[in-house]
Amino acid sequence: MLTRTKRGWELPERMATPEHLVLNRRHLLKGLAAGPMLLGGTALIGTYGPDDALAQGDPDPSAGLYPLQRNPKYTLDRPITEERLATTYNNFYEFGSHKQIAKAAQKLPIRPWTVTLDGMVEKEQTIDIDTLLKRMPLEERLYRMRCVEAWSMAVPWGGFPMKALVDLAQPKAGAKYIAMTTFQNRDVAPGQKQFWYPWPYVEGLTIEEATNELAFIATGLYGKPIPRQNGAPLRLAVPWKYGFKSIKSIVRFTFTDQRPKSFWEVVQGSEYGFWANVNPEVAHPRWSQASEKPLGSDKRAPTLLYNGYAEFVAHLYKDMKGERLFL
Ligand SMILES: Nc1nc2c(c(=O)[nH]1)N[C@H]1C(S)=C(S)[C@@H](COP(=O)(O)O)O[C@H]1N2
Ligand SMILES: [Mo]
């Protein structure tokens, strides 16, 4: 198909772009202070329709590992999202602040790729992704995902429990948090030339969250290696939190006793906090979170507390006083 027609499931632009609408003034000024020489690189990349995403980059050497055996414990209350939608309607600001980044993301080199485990660990290490994949217990899980913008999907991730990675890292007793960092490469990721954003993308979890059985490192999607636009070669999947917590294309896991400040928290902390647990009753300052729009459906669905995963994770937060758990 050569023409780009608006489909029923697509959100109006005003719904689809809230994450980048409001920029923290302090941060903007900091970016401006970085100097006008960066200005030449701020042009936005073009937009692409879903069909352009068929363009492929290099073949993925981990293809032979998939499909993985599905873990039957994690079930869905809704149909699996059509693969084409989940792989062509994405948030990945490194490749543009709009949803049609799939084609642009094919430029991301995913081999060689190493993952560094550092900070408060017994021994810092840097592991090649294919070595890591051999050492981790790979499985498939069906998970829901809820973006703070109120669209959602349900997909079969392939990958491994984050706990296995934490065990490999051997954190020291004093470590309380894990800061995760996305690659930085302005040559392939034009969004990273947008100097007003605090690149590289960083996210964080407590060690308790990271070792909860639901916290998953996704390396596959729909029975294949995960596509670049979805965060190849490895991204986080924490389905009880808003989607921005699920950081893509990770290069570093740093164990620390300091709570990390994540990308969106730096941009606009009043709208995107550290915890960011899904709660239909706690509205975003600019829109309700009571319902969501599953990709591919024309009907809104009610949003559930912890995105339906309360039985797994609610206990993590029950004694926390004075924390903004849901924003
Ligand atoms: N590095 C990085 N990770 C990211 C993002 C991003 O812009 N950059 N967007 C986040 C947001 S807002 C969402 S909703 C999910 C979207 O994941 P998907 O495109 O695979 O659906 O990725 C998250 N991870
Ligand atoms: Mo999101």
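Okay, let's start with L305: leaving out residues up to four places away in sequence, L305 touches V278, N279, P280, A310 and F326. This is a predicted model, by the way. Where does L305 sit? You'll find L305 in the loop that runs between strand 12, residues 301-302, and helix 9, residues 310-313.

Now, over to the core. The largest nonpolar core holds 89 residues, and L132, W157, M162 and F253 are the ones with the most contacts inside it. The top contributor to this core is helix 6, residues 162-169, which puts in six residues. Take M162: setting aside neighbours within four places in sequence, M162 is in contact with I178, M180, L205, A210, A215, F216, I217, L236 and F253.

Last thing, confidence. The protein averages a pLDDT of 88, with 82% of the residues scoring at least 70. Strand 9, residues 235-237, is where confidence is highest, at 99, while helix 1, residues 13-16, is where it's lowest, at a mean of 43. Two stretches stay under 50: residues 1-17, where the model has 33 contacts beyond four places in sequence, and residues 31-55, where the model has 36 such contacts.

That's me, happy to take questions.

Definitions and conventions. Residues are numbered from 1 along each chain as its sequence is written. Chains are lettered from A and ligands numbered from 1 in the order in which they are written. This is a predicted model: local features need pLDDT of at least 70, side-chain atom pairs count only at pLDDT 80 or more; totals for chains, interfaces and linings use all residues. Side-chain values use heavy atoms; hydrogens and water are left out. pLDDT is the predictor's confidence in each residue, from 0 to 100. Helices (H or I, at least four residues) and strands (E, at least two) are DSSP runs, numbered from the N terminus. Contact means heavy atoms within 4.5 Å. A nonpolar core is a set of buried Ala, Val, Leu, Ile, Met, Phe, Trp, Tyr and Cys residues joined through side-chain atoms within 4.5 Å. Buried means under 20% relative accessible area, exposed over 50%, partly exposed in between (1.4 Å probe, protein chains only).
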